[in-house]
Amino acid sequence: MTKRLNIALLPGDGIGPEVMAVAEHALTLLIDRFQLPLTYTSFPWPSHAWHQQHGHMMPEDGVKQLRSFDAIILGALGDPGPLDAPDRFVLPDSISLSPLLALRKQLDLWACERPARWQPGAPQYLSDPRANDVDMLVIRENSEGEYSNQGGRLRAGTPHEVATQVEVFTASATERLIRHAFERARQRAKQRPIPRHFKDEKSAQVCLITKRNAQPFWGDLYTETFLRLAREYPDVDTHHELVDAACMKFVQCPWRFDVVVASNLHGDILTDLAAVLCGGPGLAPSANLNPEDGSIPALFEPVHGSAPDIAGKNLADPRATLLSLAMTLEWLAHHHPALGNAAQHLHDTVNADLAKEGDTSPQHRQEKGTLETGQRLYALLAQ
Ligand code: NAI
Ligand code: MG
């Protein structure tokens with residue numbers, strides 16, 4: 001008998017509930033159309049609203065409750081905005097984002113995968129036509145590094161204050177991350193012809209990002225691990241960029257990148273840039289995974305945050321969340337082929353809608369509101 005799967009939906013704050021409402025409705029349509037062996041539960045936490053009532057972002061056993069699901073989808077956490085809301089209640093980001101970091105760490109979702117592929121119709125901010133070929137996968141370390149939350153503030157609030165923010169890099173987490181990057185590069189190469197902008201004949205490539213000129217301790221650990229593992233993957237081309245140069249090259253020649261592997265902070269920053277290369281924050285999905293243990297629920301979320309500047313205004317693009325839902329269904333597809341078909345259908349539907357958006361002639365101009373985008377997509381999804 002097919003296992004019945006359960007997905008937890010965590011709308012969160014700001015535009016999170018707006019984009020999640022669209023994803024939830026799309027999910028119900030997909031469940032019906034593909035007879036998916038799937039149910040879902042939507043949670044009012046973690047959120048600012050929950051904090052206002054209960055004094056914390058989520059129940060004490062929140063992670064334990066979510067552990068029993070097969071996958072989790074998060075909208076966004078953080079400042080719920082908008083700035084002129086009468087009941088505006090804002091917590092420091094260190095509190096409002098803590099459930100996300102707790103989930104990533106306590107579930108050991110150590111690999112954050114953020115695909116960045118430009119699709120026809122999406123905004124294109126670069127003038128070089130090769131930018132339409134951007135197709136990279138940024139893999140961000142998700143369990144340690146700069147986000148280890150070690151350190152403190154001594155003599156806080158005085159002119160003699162000292163703040164320390166300690167970065168922690170372990171050999172084991174470095175090795176599993178970099179090995180995963182090589183494995184994913186190999187898998188991707190099997191799924192497509194050699195990209196025409198690659199310099200040599202190898203069809204897979206991994207670029208390591210560090211700041212090893214200024215931060216040599218972890219930079220050297222990453223580099224040595226990378227060079228050692230590269231010997232096991234002679235079919236994969238390798239190169240290295242310092243993170244600042246990588247920012248330049250993401251803009252100058254992003255079509256040259258394939259898999260990019262980076263620390264927690266560097267990966268976080270580079271993936272906002274990669275999102276814009278593919279049309280903007282409203283189109284960039286992501287997955288937080290434990291590739292070694294399929295029994296741990298993976299967490300999927302748009303790359304963007306709670307966008308307080310547009311919250312409550314029907315301006316949020318829900319497609320990054322829909323693409324995150326497609327990644328969720330794809331990740332669960334080994335349970336049942338219908339899940340893979342539903343993922344493909346959702347992916348194709350979002351891309352078909354985007355392609356139409358590229359046609360800006362007045363009779364085809366599309367409404368960009370969250371609700372209008374949802375309505376258009378529901379009609380396509382049901383076809
Ligand atoms: P943000 O990603 O929320 O917004 C940056 C810019 O992108 C804003 O101008 C916003 O309007 C726009 N934007 C974001 N998502 C959009 C969408 N779906 N459609 C159209 N435009 C969109 O980043 P920001 O402003 O730095 O952070 C706001 C809050 O979100 C902060 O509290 C931050 O800590 C939190 N945050 C939470 C994340 C999460 O829950 N995973 C990730 C990133 C930030
Ligand atoms: Mg970020």
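This is a predicted model: local features need pLDDT of at least 70, side-chain atom pairs count only at pLDDT 80 or more; totals for chains, interfaces and linings use all residues.
## Helix H1 and its partner H10

Helix H1 covers residues 16-34 and helix H10 covers residues 319-331; their axes come within 8 Å and cross at roughly 40°. The crossing in which H1 passes H10 is right-handed.

Which residues in H1 and H10 meet? From H1 come Val19, Met20, Val22, Ala23, Ala26 and Leu27, and from H10 come Thr321, Leu322 and Leu325. Sorted by class, the residues of this contact are eight nonpolar, one polar and no charged.

## Helix H1 and its partner H11

H1 also packs with helix H11, which spans residues 337-357. Here the two axes come within 10 Å and cross at roughly 130°. H1 is therefore oblique to H11, and H1 passes H11 in a right-handed crossing.

On the H1 side, the residues that meet H11 are Ala26, Leu30 and Phe34. Their partners in H11 are Ala338, Asn341, Ala342 and Leu346. This contact has six nonpolar residues, one polar residue and no charged ones.

## Helices H6 and H7

Now for another pair. Helix H6 runs over residues 171-190 and helix H7 over residues 216-230. How do their axes cross, and within what distance do they come? The axes cross at roughly 45° and come within 10 Å, so H6 and H7 are oblique to each other. Their crossing is right-handed.

In H6, the residues taking part are Ala171, Thr174, Glu175, Ile178, Arg179 and Phe182. They meet Leu221, Tyr222, Thr225, Phe226 and Leu229 in H7. The residues of this contact divide into seven nonpolar, two polar and two charged.

## Two domains

Let's step back to the whole chain. The domain assignment of the protein gives domain 1 as residues 1-110 plus 284-383, and domain 2 as residues 124-278. Domain 1 is thus written as two stretches of sequence, because the assignment lists 1-110 and 284-383 together. The C-alpha centres of the two domains lie 25 Å apart.

Where they touch, domain 1 supplies ten residues and domain 2 supplies twelve. Which helix gives the most to the side of domain 1 that touches domain 2? It is helix H5, residues 98-106, with three residues. That side of domain 1 is made up of six nonpolar residues, one polar residue and three charged residues.

## Around ligand 1

How many residues surround ligand 1? There are 22, and the closest are Gly78, Gly282, His304, Gly305 and Asp317. By class, the shell around ligand 1 holds twelve nonpolar, five polar and five charged residues.

## Two backbone details to look for

Tryptophan 45 and proline 46 are joined by a cis peptide bond, with omega at about -5°. Proline 46 sits in the loop between strand E2 (38-42) and helix H2 (48-54).

The other spot is glutamine 35, which has a positive phi of about 50° although it is not a glycine. You will find glutamine 35 in the loop between H1 and E2.

Technical notes
Residues are numbered from 1 along each chain as its sequence is written. Chains are lettered from A and ligands numbered from 1 in the order in which they are written. A residue is near a molecule or strand if its C-beta atom, placed from the backbone, lies within 6 Å of it. Ala, Val, Leu, Ile, Met, Phe, Trp, Tyr, Cys and Pro count as nonpolar, Asp, Glu, Lys and Arg as charged, and the others, Gly among them, as polar. Two residues are in contact if their C-beta atoms, placed from the backbone, lie within 7 Å. Helices (H or I, at least four residues) and strands (E, at least two) are DSSP runs, numbered from the N terminus. Axes are lines fitted to C-alpha atoms, for helices over the stretch in contact, and angles run from 0 to 180 degrees between N-to-C directions. A crossing is left-handed if the near helix is turned anticlockwise from the far one by less than a right angle, and right-handed if clockwise. Angles under 35 degrees count as roughly parallel, over 145 as roughly antiparallel, 65 to 115 as roughly perpendicular and the rest as oblique.
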